[in-house]
Amino acid sequence: MGKPVVFIPSRVPEETVRYLSAVAEVDYRDEEEMLDEEVFYEGAGRADGLLIYSRNKIKYEVLERAPKLRAVCNIAVGYDNLDLEELTRRGIAATNTPDVLTETTADLAFGLLMAAARRIPEADHYVKSGQWSGWLPSLMLGKDVYGAALGIVGYGRIGSAVARRARGFGMKVLYSNLERAIADEQQLGLEYASLEELLRRSDYVLLQVPLTPKTVGMIGEKELALMKKDAFLINSSRGGIVDETALIKALKEQWIAGAGLDVFAQEPLPAGHPFLAMKNVVTLPHIGSATRETRAAMAMKAAVNMAAILRGERPDNLLNPAVWKQ
């Protein structure tokens, strides 16, 4: 019997391919761009395992054309691109890559907050476009971060990492979560609050929740109307958590001061999208985990998960444990 086949449809570090080559025949496509749909289907169709980024949607249509599939390993912590119910029904193991991207993503989230608060991208463009003619008392006035109130919606690994950074800036940190983090409340001086109270009291609201049927559109007109007029919304989790039509209205009508967004309901943003013309919105191209070190660690963790599954061993980051009982 030959080796199992692992299909990798996107560029990953060479060491990831070498590692998997010891346990599988690796069908690797060294491509930055998405593969043509039929090319992807062809690769998936002969694969025992898929090693993918979250841009690849593994739903019913793909699974119908992948009869040999035993494992889908996401190079991401989020997994809304996977139909877990269908994967579980078919006995296909699914994994993600938590932990290794926590600190890097927290860096980006806090950096995005700073960029929005102090108008850093806007100021950079102002200088480079030749508009800067001298110092003025009111030039590029922003909002203080040190000593301000930060509200973290969704307090998991990344939320906790951001809270530690915020405490270094003397910020008052509130958090809203399904479960209380008593140890962090004591160690970091956090305050647990309802979502409504958090929105009312925070100078900066950071969204750090997964995208699920319950969190889709959880920040809409009602929630934005509760925020302070000089507050900023920061989203570095998933775009679908925010009702973007409501956010655009809130920004245009100055219900809030601005936003910092690394994620969007539609990615990439289409030409002419209102966010692209708003000076009070910092827009990033979904780069939360985008450092060389972290992406390499994520790919290797996914590969380790894949190798374990192919050897018949339970992987560390199994998303659908029910398959191990089948």
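**Close-up views of a predicted model**

View 1. Pro268 is placed in the loop that runs between strand E11 (258–261) and strand E12 (281–283). In this model, which is predicted, the peptide bond that joins Glu267 and Pro268 is cis, with an omega of about 0 degrees. As background for this view and the next, most peptide bonds are trans, and most residues other than glycine have a negative phi.

**View 2. Two residues with a positive phi.** Asp99 is a residue other than glycine, and its phi is positive, near 75 degrees. Asp99 is found in the loop between strand E5 (93–95) and H5, and with a relative accessibility of 43% this residue counts as partly exposed. His286 is not a glycine either, although its phi is positive at about 55 degrees. The loop that holds His286 lies between E12 and helix H12 (292–310), and His286, at 29% relative accessibility, counts as partly exposed.

**View 3. The packing of helices H5 and H7.** Helix H5 (residues 102–117) packs with helix H7 (residues 157–168) at an angle of about 55 degrees, and the axes of the two helices are 8 Å apart. H5 and H7 are therefore oblique to each other, and their crossing is right-handed. On the H5 side the contact is made by Thr102, Glu103, Thr105, Ala106, Asp107, Ala109 and Phe110, which meet Arg157, Ile158, Ala161, Val162, Arg164, Arg165 and Ala166 in H7. Sorted by class, the contact of H5 with H7 consists of seven nonpolar, two polar and five charged residues.

**View 4. The packing of helices H1 and H12.** Helix H1 (residues 14–21) and H12 pack at an angle of about 10 degrees, with 9 Å between their axes. Because angles under 35 degrees count as roughly parallel, H1 and H12 are described as roughly parallel to each other. From H1 the contact involves Glu15, Thr16, Tyr19 and Leu20, while from H12 it involves Ala296, Ala299, Met300, Ala303, Val304, Met306 and Ala307. The residues in the contact of H1 with H12 comprise nine nonpolar, one polar and one charged.

**View 5. An edge-to-face pair of tyrosines.** A pair of aromatic rings is described by the distance of the centres and the angle of the planes. In the whole structure a search finds six aromatic pairs, and one of them is formed by Tyr175 and Tyr192, whose ring centres are 5.2 Å apart and whose planes stand at 70 degrees, so that the pair is edge-to-face. Tyr175 belongs to strand E7 (residues 172–176) and Tyr192 to strand E8 (residues 191–192), so the pair ties together parts that are 17 residues apart in sequence. Tyr175 counts as buried at 0% relative accessibility, whereas Tyr192, with a relative accessible area of 32%, is partly exposed. Tyr155 also belongs to this picture, as ring pairs link Tyr155, Tyr175 and Tyr192 into a cluster.

How values were computed:
Residues are numbered from 1 along each chain as its sequence is written. This is a predicted model: local features need pLDDT of at least 70, side-chain atom pairs count only at pLDDT 80 or more; totals for chains, interfaces and linings use all residues. Side-chain values use heavy atoms; hydrogens and water are left out. Axes are lines fitted to C-alpha atoms, for helices over the stretch in contact, and angles run from 0 to 180 degrees between N-to-C directions. Helices (H or I, at least four residues) and strands (E, at least two) are DSSP runs, numbered from the N terminus. Angles under 35 degrees count as roughly parallel, over 145 as roughly antiparallel, 65 to 115 as roughly perpendicular and the rest as oblique. A crossing is left-handed if the near helix is turned anticlockwise from the far one by less than a right angle, and right-handed if clockwise. Contact means heavy atoms within 4.5 Å. Ala, Val, Leu, Ile, Met, Phe, Trp, Tyr, Cys and Pro count as nonpolar, Asp, Glu, Lys and Arg as charged, and the others, Gly among them, as polar. Rings of Phe, Tyr and Trp (its six-membered ring) pair if their centres lie within 6.5 Å; planes under 30 degrees apart count as stacked, over 60 as edge-to-face and the rest as tilted. Buried means under 20% relative accessible area, exposed over 50%, partly exposed in between (1.4 Å probe, protein chains only).
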